[in-house]
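Please walk through this structure one region at a time. Begin with a single loop residue, then move on to a helix, a surface patch and the charged pairs.

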Amino acid sequence: MTMLGTQSKPQIMSNLSSSPVLVVLDNAEVFEDAADRAAQEQISSIVSDIANTRGVTVILTSRTSRNARLASWTEVRVPPLDKLPARQYFRRIYHGEISDDDVDEVLVALDFHPLSIHILAYTAKESQWTGEEFLVEWNAEQIRLLQTEDNKENLGFTIRLSLNSPSVKTLGDDALDVLRIISFFPQGINRKHIALLFPSIPHISSLVDTLCKVSLVYRSGSFLTILAPIRLFLIDAFPTAGFGLLDDIRSMYYNSLKEISGEKDWSANLIVSDHLNIEHLIVYDFTNTLRNIRDTIVACYQFLTGLEYHKLRPVESLVPVISALSEESNDDKQMKAWCLESLGDLYFALSSYASASTAYSAVSKLFLAVENQVMAAHNISSAATSHINLGYYSQGQHLIDEFINSPSWRHIDEEHQASIHFTFDSLSMYTSHDKADQLFLRSVDHPWRGPQSRLRHWTARMYHGYSEPEEVERNLEPIRSLCMSSDDTWDQWFFFEAMAEAAFLQRKFDTAEELLKQAHDAINDDLLLTLMVLCNQAAVASVQGNYEFARSQLQQTLDTLSVVATPSSAIFLEMRYIQGQNELYAKNYAEAHRLLADVAVDSNAQGNIRTQVKCMRALGELEYLLGRTTESDRYFAQAVELCEEAGVPPELLGICEPMMRLDDERFPGWRTFLHARAITSPDRPSKHRISS
């Protein structure tokens with residue numbers, strides 16, 4: 001453009017202004033990013049003059065955001081395609097037999113980048129691959145499939161053109177190093193913390209701004225990131241570039257983890273914002289044999305604790321690398337145990353109790369191997385508590401019995417023995433009516449289990465008919481202040497739950513709802529407890545006939561829950577069960593059957609007997625109300641089998657969850673079935689009362 005010279009310019013302008021004209025300047029970055037600053041100014045002036053000429057419309061396409069400044073531009077950014085148009089465009093070119101799900105998975109890996117989709121589809125078409133062959137080639141050599149002999153349709157050529165532009169080359173080697181680091185982290189880099197992440201690059205802010213201008217980097221919220229095709233290219237072409245910068249980034253992340261606590265401070269905010277990057281770095285460090293593994297293990301369990309406090313989510317990529325940690329020395333065993341325990345705590349908070357139990361059981365074995373009996377006892381108790389939440393009560397009892405009868409028990413002090421007894425009595429509350437009035441007395445003086453033990457003692461008496469609800473209220477009210485002043489939110493929850501249950505059993509529903517509201521206000525920082533409160537609120541509303549309120553509350557809660565928990569988590573399944581129960585109360589039998597049957601299948605797949613058996617009873621009651629006794633008996637028989645597997649006498653099913661238990665007066669099928677079963681099976685007489 002500079003070759004036009006000043007003598008040609010007036011003639012060109014005169015020709016352009018003679019009639020309306022459209023001027024298209026394609027790939028404008030080629031001439032806009034000229035090496036000579038004087039040339040840049042001259043080009044900018046010419047483009048501005050053209051754009052400002054009456055009757056002239058200029059369309060300028062460019063990978064950069066640099067425009068002639070003396071003209072007024074309407075900027076239209078070209079975003080990645082949406083999923084459906086991206087798939088349609090891919091299929092318009094490539095007609096091989098491949099499922100929409102497989103196509104979408106490939107397109108997601110390309111960030112729906114139009115040029116990459118175009119190149120990939122034509123490569124597959126011209127190679128005449130079948131759908132199966134295409135997927136094999138894509139999984140094997142992704143970056144090669146995005147290269148062609150034609151530079152106009154060659155992703156590598158396009159990226160190298162941007163890297164070799166004068167504005168990027170003036171940044172020196174730092175530009176490529178920073179790009180490679182951005183491509184390494186799944187979130188890119190946090191613009192807010194950029195000076196802390198790159199302390200060795202004083203001009204880091206202007207550097208990333210330049211990379212944004214040439215469209216090698218783009219903003220996504222507070223992060224600077226890279227399109228997936230560019231990431232693939234950089235990883236393939238420059239495998240080690242920039243990794244010298246990782247030490248500074250590691251120091252920033254790992255030092256922040258040392259400050260993690262329950263407080264919502266700077267370290268907590270960093271966990272919330274950069275959690276995917278931190279996890280990715282820890283996984284990388286675990287697999288990098290040159291790193292100090294101890295530092296990584298410490299960072300790992302601190303990170304897991306941070307997630308538990310501030311950013312609840314699963315960590316699939318960390319599980320295999322933690323499981324693969326060495327157990328060669330006692331120090332190795334202990335370090336691995338700390339990681340696994342933090343992993344168990346995280347999954348417990350997510351109500352993924354099967355995963356939590358697996359982790360806790362592995363931890364207890366490691367601590368027993370290094371003769372740390374106290375920590376082994378703590379994790380055995382945690383594993384048994386996970387069994388409670390899954391409904392495997394007899395298995396939990398066996399786990400604790402085995403430990404109590406082992407040589408390790410004599411090394412446990414009275415305080416920790418009392419804690420183990422608390423967990424054992426929590427299991428026994430579900431499995432036996434005899435001596436239920438004596439439960440939790442062995443742990444009432446425990447320094448931190450004491451309040452919960454008193455609460456549980458009286459609720460166990462109420463569940464099993466040893467005390468009336470009014471007596472329970474009188475005995476619990478004096479410890480209200482003790483529970484409310486406790487630092488343990490579980491003390492507060494147990495108090496409100498017990499008082500709400502006592503009110504519910506007296507059919508004082510307004511009082512029960514008010515107590516649950518107080519519970520919600522007191523523990524709203526604890527997600528799991530908050531969800532438990534919401535479950536009970538919906539169940540109480542359902543019993544009273546407030547079906548629409550229960551529907552709305554449950555759906556809103558499920559929408560919130562889907563962000564942090566997997567559909568297989570226990571609390572998710574419980575919420576969905578309450579949805580089905582609500583429709584059963586509302587006599588929407590078809591919808592109730594659909595919901596309950598789905599939850600029963602999912603609960604079975606997750607080994608969650610606690611929810612599955614409730615579904616079986618509810619489905620049986622539905623069939624009983626419709627007069628289909630054969631079907632109801634089949635469901636009730638399955639419920640009995642599940643009770644036996646759980647270690648619960650069928651007559652005691654649900655008595656420890658009065659607000660969520662189906663009303664025997666409105667749903668008499670279960671009680672009728674058990675009476676008939678006792679009559680027809682005199683060799684199996686029941687010594688347990690049937691709770692009404």
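Gln187 counts as buried, because its relative accessibility is 14% (buried means under 20% relative accessible area, exposed over 50%, partly exposed in between, with a 1.4 Å probe and protein chains only). Gln187 sits in the loop that links helix H10 (173-184) to strand E3 (189-190). Helices (H or I, at least four residues) and strands (E, at least two) are DSSP runs, numbered from the N terminus. A polar atom of the Gln187 side chain lies 3.2 Å from the backbone nitrogen of Leu276. Neighbours within four places in sequence set aside, Gln187 is in contact (heavy atoms within 4.5 Å) with residues including Phe223, Leu224, Thr225, Ser273, Asp274 and His275.

The model is predicted: local features need pLDDT of at least 70, side-chain atom pairs count only at pLDDT 80 or more, and totals for chains, interfaces and linings use all residues. Residues are numbered from 1 along each chain as its sequence is written, and side-chain values use heavy atoms, with hydrogens and water left out.

Now take helix H6 (residues 114-126). Its 13 residues should span 18 Å at 1.5 Å a residue, and its end C-alpha atoms are 18 Å apart, which agrees. The expected span is 1.5 Å times one less than the number of residues. Buried residues in H6 include Ser116, Ile117, His118 and Ile119. Just after H6, Gln128 takes a positive phi of about 55°.

Next, the charged pairs. Side chains of opposite charge can pair when their charged atoms come close. A salt bridge is a side-chain nitrogen of Lys or Arg within 4 Å of a carboxyl oxygen of Asp or Glu. By this rule the count comes to 29 salt bridges.

One of them joins Glu548 and Arg551, at 2.9 Å from N to O. These two are 3 residues apart in helix H29 (residues 547-564), so about one helical turn separates them. Glu548 is exposed at 55% relative accessibility, while Arg551 is partly exposed at 26%.

Asp100 and Arg91 also meet through their side chains, at 2.8 Å from N to O. Asp100 is partly exposed at 35% relative accessibility. Arg91 is partly exposed too, at 25%.

In the salt bridge of Glu623 with Arg628, the closest N and O atoms are 2.5 Å apart. Glu623 is buried, with a relative accessible area of 3%. Arg628 is partly exposed at 41%. Elsewhere, salt bridges with shared partners link Arg87, Arg91, Asp100 and Asp104 into one network.

Key:
A polar contact is a pair of N or O atoms within 3.5 Å; within protein, one must be able to donate a hydrogen and the other to accept it, and residues adjacent in sequence count only if both atoms are side-chain atoms.
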